[in-house]
Each structure stands twice: as C-alpha cells, then as structure tokens.
Amino acid sequence: MAPLLLKSVEKAVTQPTQSVTVTEGLSAAVLLLSLAHAKVEIDGGYQAVWNAVLDMDKQIFVSEKYLSSATNEGMLKI
Amino acid sequence: MQLGEKLLVNFPEKVSANATPLYKAILHCVTVTCPETRKKNLAVLRRMVNGLGGPSISKVLFAELLKLLLKPPAPTKNDKDSNEESTELLPHAVVECIVTLCSSSGLTPEHLRALAIDSLLPTHHPSVVKLSPNLWVKILKFHNIKSKDLIGQTGSELRKIFIDNYQALPVGKFVY
C-alpha cells in the first residue's frame, strides 16, 4: 500500500494546481507520516514525503491557493 | 489539521524555523467559516497546545494570528461582487481560536506569563473586544494569574510591546 500512497504524494507535487489531486496527496502524506512515526520501513523510504510536506517554498499542501479551494475534508487533513 | 498535528507534535525537529505557511494554514483551518469543520479543527488544536511542545506552538500561532488581525482588509471591488465569500477572519472564530490557544493546562509560571503576554494584543483587537470585551481578563482568571503581579513581572516586555514596537494603525482599517 505504501508505494500507492507515495505515488499519490508525488502526483500532488507534480499537479499542485489540481485541488482534488492535492487533497488525495495530502491524505496519503498524513497516512505515511503515521507510518513514519510508528517507525514502519517502506520501499523507497520517506524522503519524497518529507520533501513534499516540508518544502515551504513550493507549499504543496499549505499554499494560499489550495487553502482557498480546499473542501471541508481537505481542511481536516491540513 | 492532521498534517499540522503530525508535523508539529510528532516531528517538531523536522519543521524549520521558516514554517510560517504551515502555521498560517493551521490558523486558516481553525477559523474557517464552516462551524463543524472549525469545531473539529479546534479540537485538534486543543490537543496540540496541551501536548509537550504546546507552549511554543501557541506562541508562534499567536504571533501569526496577530499578523493576520493587523493585515489591512482586501479592498472591496464593487457592490456586484459583495456577495462573494469574505476572506476576513470571523470575529467569533478568532475568539474561539484565542480561547483554544489559551486552554493548555499544567503550564509552568514562566509559560503562563508568556501566554498572557502573547495573548495581550490579539485579545484587544477591536473586532475581538467588540465580541468579548473582557477576554484577556477571563484568560488571566482561568489561569489564576493576578494582573498586578503579571504587570510587575513583565514590565520590560510590556514596554517593548506598547512603546518600542508600537505601530500606529488607523482605526478605520479594522473590520468590525
């Protein structure tokens, strides 16, 4: 399942203007961070997730544009 | 709010000092117009400020909240566009946010003093005062802080806030 989640995060990074894709990537990132906190090792590691959530220049999940278009479900995930 | 909670509570060492967009996003989520979503996000925020790194999280969020409150409102285009959803912070959402940020328990006297000082300006913003005139005093009472003692202990910080860092803002800029 982890590779699929990583794929969703990477898709959000490549399509940051697509609100639905970003919300999907956000949900995947939250799940992956839970796995990282539980010290679960996954194929490919967590670097792609860290790059997506910690890059404050790209602001994939916290950009003003995404915040203004995010659904209520998205707001709960941010 | 789940991403914010995971990052700030579980991985605080990974979050850089330049994480302003993350804090702004958290404030956006806890002041959102939908009451149900806001309530759920405020519950997460309460958990965050009651955690181990709670005092430092509330400190940064108060600083960001103050910046948002002092930001001049976006100019309105014309009457036709007035039906568009407002981007301004809802005063009652701001009050709820402040109350939640001050809801931590078991804080050290030092952290309590910091919380009282950090909440001083946001609780006295005109839009907040109009809705909840004695919010700061209520916060002090909730934490058993005597205002006389606080002023005596934090004189230099108060001087810095009210004299050194004073910014004159036209009253008309505030949204009521």
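Colleague: Which residues form the nonpolar patch on the surface, and what is their accessible area together?
Modeller: This is a predicted model. The patch on the surface is nonpolar and consists of Leu121(B), Phe162(B) and Ile163(B). Together these residues have an accessible area of about 280 Å².

Colleague: Where does Leu121(B) lie, and is Leu121(B) buried, partly exposed or exposed?
Modeller: Leu121(B) belongs to helix α6 of chain B, residues 109–123. Its relative accessibility is 32%. Since buried means under 20% and exposed over 50%, Leu121(B) counts as partly exposed.

Colleague: Are α4(B) and α5(B) roughly parallel or antiparallel?
Modeller: Helix α4 of chain B covers residues 54–70 and helix α5 of chain B residues 91–101; their axes come within 11 Å and cross at roughly 160 degrees. Because angles over 145 degrees count that way, α4(B) is to α5(B) roughly antiparallel.

Colleague: Is the crossing of α4(B) and α5(B) left-handed or right-handed?
Modeller: Two packed helices are described by the angle between their axes and the distance between the axes. For α4(B) and α5(B), the handedness of the crossing can be given as well: left-handed.

Colleague: How many salt bridges does the structure hold, and which residue forms one with Arg47(B)?
Modeller: Over all chains there are four salt bridges. In one of them, the closest N and O atoms are 2.9 Å apart, and the partner of Arg47(B) is Glu5(B).

Colleague: How many residues apart in sequence are the parts that Arg47(B) and Glu5(B) tie together?
Modeller: Glu5(B) is buried, at a relative accessible area of 16%. Its salt bridge is with Arg47(B). Arg47(B) sits in helix α3 of chain B (residues 35–49) and Glu5(B) in helix α1 of chain B, so the pair ties together parts separated in sequence by 42 residues.

Colleague: In the salt bridge of Glu96(B) and Arg38(B), which residue is buried?
Modeller: The two side chains meet at 2.9 Å, N to O, in the pair Glu96(B) and Arg38(B). Glu96(B) is in helix α5 of chain B and Arg38(B) in helix α3 of chain B, so this pair ties together parts that are 58 residues apart in sequence. Glu96(B) has a relative accessible area of 31% and is partly exposed. At 5%, the buried residue is Arg38(B).

Colleague: Which helices hold Asp118(B) and Lys59(B)?
Modeller: Asp118(B) and Lys59(B) form a salt bridge whose closest N and O atoms are 3.2 Å apart. The pair ties together parts that are 59 residues apart in sequence, because Asp118(B) and Lys59(B) lie, respectively, in chain B helices α6 and α4.

Colleague: Where is Gln59(A), and what is its phi?
Modeller: Most residues other than glycine have a negative phi. Gln59(A) is placed in the loop between α3 (47–54) and α4 (64–69) of chain A. This residue is not glycine, yet its phi is positive, near 45 degrees.

Colleague: Is Asn144(B) buried or exposed?
Modeller: Asn144(B) has a positive phi near 55 degrees and lies in the loop between α8 (135–142) and α9 (147–153) of chain B. With 72% relative accessibility, Asn144(B) counts as exposed.

Notes: Residues are numbered from 1 along each chain as its sequence is written. Chains are lettered from A and ligands numbered from 1 in the order in which they are written. This is a predicted model: local features need pLDDT of at least 70, side-chain atom pairs count only at pLDDT 80 or more; totals for chains, interfaces and linings use all residues. Side-chain values use heavy atoms; hydrogens and water are left out. Patches are made of residues with over 30% relative accessible area and no salt bridge: like charges are joined within 9 Å, nonpolar side chains (Val, Leu, Ile, Met, Phe, Trp, Tyr) within 5 Å. Accessible areas come from the Shrake-Rupley method with a 1.4 Å probe; for residues, only the protein chains shown count as cover. Helices (H or I, at least four residues) and strands (E, at least two) are DSSP runs, numbered from the N terminus. Buried means under 20% relative accessible area, exposed over 50%, partly exposed in between (1.4 Å probe, protein chains only). Axes are lines fitted to C-alpha atoms, for helices over the stretch in contact, and angles run from 0 to 180 degrees between N-to-C directions. Angles under 35 degrees count as roughly parallel, over 145 as roughly antiparallel, 65 to 115 as roughly perpendicular and the rest as oblique. A crossing is left-handed if the near helix is turned anticlockwise from the far one by less than a right angle, and right-handed if clockwise.
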